[in-house]
Amino acid sequence: MNHQPQIKIPATYMRGGTSKGVFFRLQDLPEAARVPGEARDKLLLRVIGSPDPYQKQIDGMGGATSSTSKTVILAEPTQPDHDVDYLFGQVSIDKPFVDWSGNCGNLTAAVGAFAINGGFVEKERIPDDGFCTVRIWQANIRKTIVAHVPITNGEVQETGDFELDGVTFPAAEVQVEFMDPADGDGAMFPTGNVVDDLDVPGVGRLRATMINAGIPTIFVNAKDIGYAGTELQEDINGDPKALEMFETIRAHGAVRMGLIEKIEEAANRQHTPKVAFVASPVDYSSSSGKRIGSGDIDVLVRALSMGKLHHAMMGTAAVAIATASAVPGTLVNLAAGGGDRTDVTFGHPSGTLRVGAEARQVDGEWTATKAVMSRSARILMEGSVRIPGDAF
C-alpha cells in the first residue's frame, strides 16, 4: 500500500484576543488550496484536526473549542487603500466543513501584526516607535477594519501590561476599529424593528433584538429563558436540553433574519448567527474567581458560539453588543439602563469588556458608523504545519 509522505506548509500559530488560530499567507498554500473550494476546506480541516468524533482535535492544531478551531488566510489586498485581505475560516470540530459566513473579531487583533511581519505592509509605513495603522479588508463580510499595532524598534511589540479578561497574561494593547460594521447588503435590523416577538417551538414567544453588526446576532432577555445572566460555561455547556434550546432559538432567528430559508439549513451554518442573552447588572464571580460588582458594568451578556457558551466574548459579538447598546429600545440598550450611549461595559463569563460604537438614523433606518475595542495579540509558534500529502 502506497502511503504519501507529509507536506510542510509555512504557518504561524497566533493568539488574538481570547481566540487563537493558524495563520497562512495565501501564496504559501499548496496551489490547489489557493482558491476557495473543496481542496482548501479539506486542507484546513486536516490542519486543525477535524472532523473529530471524539471532539478533542488531538491529531491537529485545534483546541476543541470554538475559540481555538480557527484558521486565517491573508493575501494581497483586492481593495484600494488597504494593506491586506483577511479571510477567516471557522472549522467545525466534529463535522467535515469550514464555515466562511462571518468574521472573527478577536483574531483581527492578530491580523495586523501578521500583516506587518508577513510583508504586506510597506516598510516605509512602519515607524521605529509608535503605532502602525493597518487597513484590513475583511473578505468574509466585505468590511474595512483598522488595527493600530504598537511598534518598538521597528518591530511589532507583543509584550506589555494590557490585561484582557479571558487571557491569562498581559500583553501589548491593540486598538481595533470596525468601520461601518452593519450589514452592507441589508438593514442593520433585518426585520425593520429593534425588538421583535420571536416564536420558538418548545420555548414560547420571546422578545428578541436581531441585529447585523459585527456578526449577525440574536439577543434575548435572560429571564425569559430561565437564566440570570451570570452563568458560566459549566452552567450551560453540560446541559443538553439547554444547548438544544439555544440552537432552536438560533435556527428560528436565522430564518427570521433572512440568513437561511429553512430551519434545517442552520446545521450547516454554525458560525452565524450568534445567540446571546442579556440582563441588568448584578454582582457575580467570573470563571477565574474574580469578583465583578454590579457597579463595574452596564449590562450582563452571555453568548454562544458553535453551539456552546463562550468562555468570554467573541470580538464580533462585542461589536454587535456595542452597536445594539447605542440604539435606544433594543434589549441590550434597555438592560443597560436605556437612553443614548456611545460605549458600554459588559460583564461576560471571564470578566468585563468595554466597547464603543456610534449609531445614527438615516432615512428612518439605523446604521452604525464605527465600533471600537481593545485587544492584544501574540505569536505562539511559527514555522510549518505538516499534513499528509493525500489529505486534500
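Is Gly-21 buried or exposed? With a relative accessibility of 0%, Gly-21 counts as buried (buried is under 20% relative accessible area, exposed over 50%, partly exposed in between, using a 1.4 Å probe and protein chains only). A word on ground rules: the model is predicted, so local features need pLDDT of at least 70 and side-chain atom pairs count only at pLDDT 80 or more, while totals for chains, interfaces and linings use all residues. Residues are numbered from 1 along each chain as its sequence is written, and side-chain values use heavy atoms, with hydrogens and water left out.

Gly-21 sits in strand E2, residues 19-25 (helices, H or I with at least four residues, and strands, E with at least two, are DSSP runs numbered from the N terminus). Not counting residues up to four places away in sequence, Gly-21 touches Thr-12, Tyr-13, Met-14, Lys-70 and Leu-107, where contact means heavy atoms within 4.5 Å. Phe-131 is 110 residues from Gly-21 along the chain, and their C-alpha atoms are separated by 24 Å.

E2 runs parallel to E3, and four bridges join them (two strands pair if DSSP finds at least two bridges between them). Within this pairing, Val-22 stands opposite Thr-71 in E3. Strand E3 spans residues 70-75, and six of its six residues are buried, so the strand is largely enclosed by the rest of the structure. Lys-70, Val-72 and Leu-74 point one way from E3, with Thr-71, Ile-73 and Ala-75 pointing the other way.

Elsewhere, the pairing is antiparallel. Strand E7 (residues 143-152) is joined to strand E9 (residues 174-179) by four bridges, with Glu-177 in E9 as the bridge partner of Val-146. E9 also pairs with strand E20 (residues 365-375) over six bridges, again antiparallel, and there Met-179 has Lys-370 as its bridge partner.

Now for the packing. The largest nonpolar core has 69 residues, and those touching the most other members are Leu-74, Tyr-86, Ile-116, Phe-219, Val-301, Met-313 and Phe-346; such a core is a set of buried Ala, Val, Leu, Ile, Met, Phe, Trp, Tyr and Cys residues joined through side-chain atoms within 4.5 Å. Helix H2 (residues 105-117) gives this core its largest share, eight residues. Apart from this core lies another, of 31 residues, including Met-210, Ala-222, Leu-259 and Leu-300. Leaving aside neighbours within four places in sequence, the contacts of Phe-346 include Ile-297, Val-299, Met-313, Ile-321 and Leu-353.

Helix H5 (residues 315-325) has eleven of its eleven residues buried, so this helix, too, is largely enclosed by the rest of the structure. One of its residues is Thr-316, which counts as buried at 2% relative accessibility. Beyond four places in sequence, Thr-316 touches Asn-103, Cys-104, Gly-105, Ala-213, Gly-214 and Ile-215.

Finally, the open space. The largest pocket has a volume of about 940 Å³. On a 1 Å grid over the protein atoms alone, a pocket is an open set of points where a 1.4 Å probe fits, with protein on both sides within 12 Å along at least five of seven lines, and lining residues have an atom within 4 Å of a point. Grid points are joined across faces, edges and corners, and the volume is the space filled by probe spheres set on the points. The lining takes in 44 residues, with Ala-64, Thr-65, Ser-66, Ser-67 and Ile-93 nearest the centre of the pocket. H4 supplies the largest share of the lining, four residues.
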